[in-house]
Amino acid sequence: MSETVIVAGGCFWCTEAVFKDVIGVESVESGYIGGDVPHPTYKAVCTGTTGHAEGVKVTFDPDTVTLPEIYDMFLGTHDPTQLNRQGGDVGTQYRSAIFPLSDEQREEAEAAIARWNEGHDGEAVTTIESGEWYPAEDYHQEYWEGEGQRNPYCMAVIPPKLMKLRKSFADKVKA
């Protein structure tokens, strides 16, 4: 039985690329969540006025990769200490947030943030929020596998995230 989580950790192209590389992840969809404008567009979200975060919806097999591992990988492959930004991407749409879909996910999100805080200098500003999910436009899906590898921004940002994943979670990365 598959499980789904929604997280936001900066540019969704980057977060999607990380989770596409994880054993047990069945699908990753980029989209928008946490705002107050129905059916937002990329252009609208980029203004920072809709309240949405760029996020990913990750569907995974919990017998292969657990919910705690998913959250640990999420927190371990971006900088959860940066408020409303990731690197050069600045704005609330790039915030670090977890959007639990159940009480169990909320409890595990709280535990994952606490684990991260115990093991690192600095404190995670990752929020736990709710919101309606809106899939991003088709051209944003599987971006790294296509256009992203010709995009200078992606080439600068995604490989270091993938290296963090491979270094810290080697037993959970696809060959």
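## Strand β8 and its partner

Gly 31 has Pro 135 in β8 as its bridge partner, and Tyr 32 is bridged to Tyr 134 of β8. Strands and helices here are DSSP runs numbered from the N terminus, with at least two residues (E) for a strand and at least four (H or I) for a helix. The model is predicted: local features need pLDDT of at least 70, side-chain atom pairs count only at pLDDT 80 or more, and totals for chains, interfaces and linings use all residues. Residues are numbered from 1 along each chain as its sequence is written, and side-chain values use heavy atoms, with hydrogens and water left out.

Strand β2 (residues 25-33) and β8 run antiparallel and are joined by 2 bridges. Two strands count as paired if DSSP finds at least two bridges between them.

## The sheet

An open sheet of mixed pairing is formed by 6 strands, in the order β7-β6-β1-β3-β2-β8. Because β7 (127-128) and β8 (134-135) stand at the edges with a single partner strand each, one side of each has no neighbour in the sheet. Helix α1 (residues 12-20) packs on the sheet and touches β1 (3-9), β2 and β3 (53-60); the direction of α1 makes about 165° with that of β2. Such angles run from 0 to 180 degrees between N-to-C directions, and axes are lines fitted to C-alpha atoms, for helices over the stretch in contact.

β2 and β3 are antiparallel and share 8 bridges. One of the bridged residues is Ser 30, whose partner in β3 is Val 56.

## Val 58 in β3

Strand β3 also contains Val 58. Val 58 counts as buried because its relative accessibility is 0% (buried means under 20% relative accessible area, exposed over 50%, partly exposed in between, with a 1.4 Å probe and protein chains only).

Beyond its neighbours within four places in sequence, Val 58 is in contact (heavy atoms within 4.5 Å) with Glu 3, Thr 4, Val 5, Phe 19, Val 25, Ser 27, Val 28 and Ile 70. The C-alpha atoms of Val 58 and Lys 20 are 8.9 Å apart, at a separation of 38 residues along the chain.

## Helices α1 and α5

Helix α5 (residues 152-168) packs against α1 at an angle of about 35°, and the two axes are 9 Å apart. On the α1 side the contact involves Trp 13, Cys 14, Ala 17 and Val 18; the α5 residues include Tyr 153, Val 157 and Lys 161. The residues of this contact comprise 10 nonpolar, no polar and 1 charged (Ala, Val, Leu, Ile, Met, Phe, Trp, Tyr, Cys and Pro count as nonpolar, Asp, Glu, Lys and Arg as charged, and the others, Gly among them, as polar).
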